[in-house]
Amino acid sequence: MKTKDQKNIRAFIAVRIPLELAATLHKKARHRAGDVLQHKLRWMVPQQQHITLRFLGECDEQSLEQFSSYIEDSLANVHGFDCMTGCFEFLPDAHRPRALALNIHSGQQLNTLSRICEEGALMHGMRREMRNFRPHVTLARFKQHHHVTHSHFFNMPSYRMTVNEVVLMKSETTAEGTQYSVMKVFPLLPLAKSA
């Protein structure tokens with residue numbers, strides 16, 4: 001039972017983008033935005049880039065510990081895998097964009113991780129996620145509504161990254177904006193070798 005002194009933690013579970021790749025994506029996206037759009041966006045710093053598998057919302061410590069144990073057990077036999085960056089995407093759409101994102105392609109592996117996280121969340125009393133999972137990394141958020149077209153952003157080359165861990169993250173709002181910090185790391189088994 002939660003006491004008055006206990007604070008809820010705003011949490012989510014994710015895959016971090018390797019820093020070198022995140023820096024490249026950040027630089028290329030800013031370049032593609034050009035002078036006009038670049039200043040209409042609030043850019044995610046490379047250290048904060050990630051693929052959200054499941055937003056958990058406000059959770060108490062006990063629920064997070066139980067959820068973490070479930071995720072640790074569920075990922076014990078899951079191998080790491082490669083995925084590729086894809087096209088730019090405006091979320092929710094180009095007519096009322098709130099975010100500039102980059103699709104991530106992995107076959108079904110990221111979807112499998114998301115499904116494991118969803119099952120764990122439901123088992124531990126969290127609400128069902130009503131939106132379909134769309135693997136992406138958010139690169140920037142629009143400061144205000146601004147109609148855009150895909151011609152504003154030429155697609156960049158695809159980049160490969162290896163997913164070898166999943167992380168439980170804490171989200172905190174500070175004077176400098178939203179800050180993410182790692183609460184727990186769930187390592188995956190070594191990348192499966194092709195036959």
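**Pockets and ring pairs**

Six elements, β1, β2 (41-43), β3 (50-59), α3 (109-123), β6 and β9, each supply at least two residues of the lining of the largest pocket. The model is predicted. Among these elements, β3 gives the most to that lining, with 5 residues.

The largest pocket has a volume of about 1400 Å³. It is lined by 35 residues, and those closest to its centre are Thr52, Arg131, His136, Thr138 and Arg141. By class, the lining holds 11 nonpolar, 12 polar and 12 charged residues.

Now the second largest pocket. Its space comes to about 340 Å³. Of its 15 lining residues, Arg54, Leu56, Gly57, Met126 and Arg127 are the closest to the centre. The classes here are 5 nonpolar, 4 polar and 6 charged.

Next come the aromatic rings. A ring pair is described by the distance of the centres and the angle of the planes. The count comes to 2 aromatic pairs. The centres of Phe12 and Tyr180 are 5.2 Å apart and their planes stand at 80°, so this pair is edge-to-face. The pair links distant parts of the chain: Phe12 is in strand β1 (residues 9-16) and Tyr180 in strand β9 (residues 177-187), 168 residues apart. Phe12 counts as buried, at 4% relative accessibility.

Phe90 and Phe142 have ring centres 6.4 Å apart and planes at 55°, so they form a tilted pair. Phe90 lies in strand β4 (residues 81-91) and Phe142 in strand β6 (residues 136-142), 52 residues apart. Phe90 is buried at 3% relative accessibility. Phe142 is buried too, with a relative accessible area of 7%.

Conventions: Residues are numbered from 1 along each chain as its sequence is written. This is a predicted model: local features need pLDDT of at least 70, side-chain atom pairs count only at pLDDT 80 or more; totals for chains, interfaces and linings use all residues. Side-chain values use heavy atoms; hydrogens and water are left out. Rings of Phe, Tyr and Trp (its six-membered ring) pair if their centres lie within 6.5 Å; planes under 30 degrees apart count as stacked, over 60 as edge-to-face and the rest as tilted. Helices (H or I, at least four residues) and strands (E, at least two) are DSSP runs, numbered from the N terminus. Buried means under 20% relative accessible area, exposed over 50%, partly exposed in between (1.4 Å probe, protein chains only). On a 1 Å grid over the protein atoms alone, a cavity is a set of points where a 1.4 Å probe fits but cannot get out, and a pocket is an open set with protein on both sides within 12 Å along at least five of seven lines; lining residues have an atom within 4 Å of a point. Grid points are joined across faces, edges and corners, and a volume is the space filled by probe spheres set on the points. Ala, Val, Leu, Ile, Met, Phe, Trp, Tyr, Cys and Pro count as nonpolar, Asp, Glu, Lys and Arg as charged, and the others, Gly among them, as polar.
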